[in-house]
Amino acid sequence: MPTRTSDRTTVQQYVKVFGDYPAVLARAPGRINIIGEHTDYNDGLVLPMSIERCVMAACGPSKGNTIRWYSDRYGCAEFDVKASDPYVGTGWTAYVAGVIAGIRDQGIQIPPLNIAITSDIPPGKGLSSSAALEVAVALSILEYVDVPLEPVVIANLCREAENHYVGVPCGIMDQYAALFGICGHAVFIDCMSGDFQHIPVDDSFVFVLYDSEEERALVSSGYPDRNRECREALAWFADRETTILSFRDLEISRLFEHRGEIPEVLFRRTLHVLTENRRVLKTVSALNRRDDSTVGRLLFQSHRSLAHNFGVSTQSLDNLVKKAWESRYICGARLHGGGFGGYTINLIPQKNVSRAHEIMGQNGIEVRSGKGAESWRI
Ligand code: GLA
């Protein structure tokens, strides 16, 4: 794990690379998702919580004609401010280029500038390092040019950067979590209306992430296929019933009436989305009642659905969840994030954490909830 990202390390990085002090600093956290997986791009419900690990972006003036950015993890990229399209390639640079394009699309002019980016969110593990990168860069540029945009507009432009520049057809969960997370609370988001609500999370329990040691990049994983299958399933229903415009218009009983007609794989994908939305609602009310054993049960149910109906688990993720299921120290577990590798998320009473680590055979990352995005002048 790299050194923890802080204001100081980010300013130092900026000074080292650009030989001057930055003018503004911005921070955006990663997130865990308690429950509500693969529902955000299906107009569904999600329950992420921002974490202490974050991406920071320091921004300041450049004497040249370029926008240059440097990441402690990936290196340097730049483009000429006069170029109409800031697209400069693939990989991590596409995230930054997409955000710059999105800000310009709002009619905001960006002058030549330098950006230094630091991060302590492990990449490729489902902790939303990409959305944190997008949001931190957007906030630093907007603070620098001194144009406040509504957080919802920032969230949407960052999502579009990921959809159109990086090519991941993700939903809005990660960007909302980065922007609206607050300490000690999960963010319950309705991805259809964009409404959200903060839900307090009991601190006698901790969320622990165990590592499957499989890395995945969303763009090359089965994620785009799942997205396409969901669109096909929705189109199948919309063709038959004009009242169905979204999965939210479809009842589970109605879905079962069509079993046998709709291709089985589309039936299963839909079943996951509909039941996962219900589990999110049940989890929110269980958290409000401080009923952690129900939350744990819902996590196990979510894993079964993600593995059997949505097809995004792997042998290692299944093994980790099975171990957790067999242990009496862990209330609930499931694969976390998009799947195809990364971590499992486990709900564990504080007093059982070290026993749980012994049984799982690894230390796990104990998650503390962090604060959301912020930007400031320095
Ligand atoms: C990734 C995406 C999110 C969401 C999850 C799955 O993290 O970035 O938008 O779809 O997968 O729930």
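In the hairpin formed by strands E7 and E8, where 5 residues lie between the strands, Gly194 takes a positive phi near 85 degrees. This is a predicted model, in which local features need pLDDT of at least 70 and side-chain atom pairs count only at pLDDT 80 or more, while totals for chains, interfaces and linings use all residues. Residues are numbered from 1 along each chain as its sequence is written. Strand E7 covers residues 185-190 and strand E8 residues 196-200, and the two pair in the antiparallel sense over 5 bridges, pairing being assigned if DSSP finds at least two bridges between two strands. Within this pair, Phe188 has Gln197 of E8 as its bridge partner.

Along the principal axes, the C-alpha atoms fill a box of roughly 65 × 55 × 35 Å.

The chain is divided into domain 1 (5-199 + 370-377) and domain 2 (205-367), with bounds that come from an automatic or database domain assignment. The centres of the two domains, taken over C-alpha atoms, are 26 Å apart. Their contact takes 27 residues from domain 1 and 37 residues from domain 2, two residues being in contact if their C-beta atoms, placed from the backbone, lie within 7 Å. On the side of domain 1 that touches domain 2, the elements giving two or more residues are strand E1 (24-33) and strand E2 (45-46).

The ligand lies between the domains, because domain 1 (5-199 + 370-377) and domain 2 (205-367) both give residues to the shell around it. Of the 13 residues around the ligand, Glu37, Cys170, Gly171, Gly337 and Gly338 come nearest, a residue being near a molecule if its C-beta atom, placed from the backbone, lies within 6 Å of it. By class, the shell around the ligand holds 4 nonpolar, 6 polar and 3 charged residues, where Ala, Val, Leu, Ile, Met, Phe, Trp, Tyr, Cys and Pro count as nonpolar, Asp, Glu, Lys and Arg as charged, and the others, Gly among them, as polar.

Notes. Helices (H or I, at least four residues) and strands (E, at least two) are DSSP runs, numbered from the N terminus.
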